[in-house]
Amino acid sequence: MERASRIARALERRHGPLVGQRVLLALPPGIDWVEAFLAMLACRAVAVPLPLAAPAPEVAYFASDSGATLAIADEERSTRLPPGLPVFAPPFPIEAELDDAPSKLEARADDVALLLYTSGTTGKPKGARLTHANLAAQVDVLQRAWGMTERDVLLHVLPLHHLHGVVVALLDALTTPCRVHVLARFDAARVMEELRDATVFMAVPTMYQRLLDAADALDAEARAAFEASARGLRLATSGSAALPASLAERWRGITGAIPLERYGMTEIGMALSNPLDPSERRAGTVGMPLPTVEIRLVDESGADAEVGELWVRGPSVFAGYHEREDATRDAFRDGWFLTGDVGRREDGGVIRLLGRTSVDILKTGGEKVSALEIEEALREHPAIAEIAVVGLPDPAWGDRVTAAVVLREGAELSIEGLRAWARSRLVAYKIPQSLVVMAALPRNTMGKVEKKRLIELVLTDS
Ligand code: MLC
Ligand code: AMP
């Protein structure tokens, strides 16, 4: 904290007061990232963490939409920033500031601390405004529910531009406080090695799948070492996407317990969690509301029901989308946040998720992507006359982002060609992994593409 305060001071010295200013954070995960983030909080700036590999057009969008006045970025990422945006780069100039008192600014509860970009059913990603009060409420609840203590060591493998990585994992650990070991990227072999010293591990299902597949390929001795490390964990959590039962079982086969599955969303933080006690966890469910969180299941008629859209209320719920009053208004009804996830209440009040209200929201490897945003970008391709993007069920990714296209007359297109073309326009996880060329897209009488029917057609043909 001391170093972060000094960096904050250096930031203010060089760039003036940053209270309420949006500052892009484009550094690889590691100590610089953490210190820069804490320094921004100390300056009462709004941190806008960016996806590491976002291409220039996406970075330009985040910069202009957030109205960023500064970026904290390394050399590699600076090249993708809009020209003219001032950059504060590591190594941070703290030595020169040693004589200065650390920043005296104290954040206020309703200051926005984080602007996290998240995809929705309409247009481009929106910035979700999370206040200091939201973050404090969230970490307080998680620390209690998951029994975090100073003795814990968190192995951190998640990207830091999402709620899961930055709040649920990083902030939770930093404020416990406990040790955090941040890996620059997820790499199954490295994770298996580093798990040895960890007590807590948090991951998305795709990561569990990769870990378990990598473990299956090990020789007996290495596998035994990995199994001992996994068993040594006090807590392994899974979230951001549904954990397939088969994966949970494979993890139980090694550790004796299924991962603790929990449910949340950028806009609301963690809302539901299975119990800390492994024997009380129920596979395939996301547990019960965490303390302070209130939920409703609401059916299409607007009535409370046993199966319906999950509505959430509580102190972790965000302060609205950045400069999107209409979208913010649409996201709430009578003070409740409408998640777009459909759930069923089971015995004892435990919630099982059944799907989403919109076919246009997909989750690939825990990354939320908007089919409409991808369609908009790919429609520019010279070979494409019509396009519809859908998610097909996939054991590794959850949803497999698939582009169904009608080609222009005489044009040809391969999935490799499409991916290569899209790379300069979209971040990698938004780029379709499969391509289906069709004579026509299924449409209803109004001319709207029928995506559920499209998915059925593609699945029966494959
Ligand atoms: C990478 N690729 C993906 C992808 N991630 N494609 C589809 N979906 C994804 N999620 C691309 C790569 O760019 C590459 O393309 C190819 O797939 C294989 O790359 P890889 O190296 O094998 O993948 P990797 O980079 O290791 O990434 C996989 C992953 C990553 C699982 C580690 O996707 C990841 O970190 N996911 C976590 C997302 C997350 O934290 N979500 C939380 C949201 S908050 P090419 O063309 O180069 O071959 C939230 C709230 C809550 O949901 O409840 O937590
Ligand atoms: P994001 O907008 O990236 O924060 O993603 C939030 C979405 O992830 C939620 O609306 C859910 O659809 C999904 N999600 C999070 N946790 C789970 C889970 N345990 N099971 C199924 N879906 C989940």
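Predicted model: local features only at pLDDT ≥ 70, side-chain atom pairs only at ≥ 80, totals over all residues.
1. **Residues around ligand 1.** Start with ligand 1. It has 25 residues around it, and S240, R262, K363, T364 and R419 come nearest. By class, the shell holds nine nonpolar, nine polar and seven charged residues.

2. **Polar contacts of ligand 1.** The side chain of S240 places an N or O atom 2.6 Å from an oxygen atom of ligand 1. For K363, a side-chain N or O atom is 2.7 Å from an oxygen atom of this ligand. R185 has a polar side-chain atom 3.3 Å from an oxygen atom of ligand 1. As for cover, ligand 1 on its own has 1000 Å² of accessible area, and the protein covers 77% of that.

3. **Elements that build the ligand 1 shell.** Which elements each supply at least two residues of the shell around ligand 1? They are α8 (205–216), β11 and β19 (361–364). Helix α8 gives the most, with three residues.

4. Look for S240 in the loop between β10 (235–238) and α10 (245–255).

5. **Residues around ligand 2.** Now turn to ligand 2. Its shell has 16 residues, of which E261, R262, T266, D341 and K363 come nearest. By class, six are nonpolar, four polar and six charged.

6. **Polar contacts of ligand 2.** With R262, the contact goes through the backbone: a polar backbone atom is 2.8 Å from a nitrogen atom of ligand 2. Two side chains also take part. K368 has a side-chain N or O atom 3.0 Å from an oxygen atom of the ligand. For R356, the distance from a side-chain N or O atom to an oxygen atom of ligand 2 is 3.3 Å. The protein covers 92% of the 500 Å² of accessible area that ligand 2 has on its own.

7. **Elements that build the ligand 2 shell.** Two elements give two or more residues to this shell: β11 (260–265) and β18 (351–356). How many residues come from β11, the source of the largest share? Strand β11 gives five. β11 also supplies at least two residues of the shell around ligand 1.

8. **Two domains.** The protein is divided into domain 1 (2–107) and domain 2 (358–461). Their centres, taken over C-alpha atoms, are 36 Å apart. Six residues of domain 1 are in contact with seven residues of domain 2.

9. **The area between the domains.** About 420 Å² is buried between domain 1 and domain 2, and carbon and sulfur atoms give 55% of it. On the domain 1 side, P51, P55 and E58 lose the most area to domain 2, together 75% of what that side buries.

10. **Cis peptide bonds.** The peptide bond from P90 to P91 is cis, with omega near 0°. P91 lies in the loop between β4 (87–88) and β5 (112–118). T176 and P177 are also joined by a cis peptide bond, with omega about -15°. P177 is in the loop between α6 (163–175) and β8 (179–182).

Conventions
Residues numbered from 1 in each chain as written. Chains lettered and ligands numbered in written order. Heavy atoms only, no water. Near = heavy atom within 4 Å. Polar contact = N/O pair within 3.5 Å; in protein donor to acceptor, adjacent residues only side chain to side chain. Areas by Shrake-Rupley, 256 points an atom, 1.4 Å probe, with all protein chains shown as cover. Helix = DSSP H or I, 4+ residues; strand = E, 2+ residues; numbered from the N terminus. Nonpolar A, V, L, I, M, F, W, Y, C, P; charged D, E, K, R; others polar. Domains from an automatic or database assignment. Contact = heavy atoms within 4.5 Å. Buried area = accessible area lost by both parts, 1.4 Å probe.
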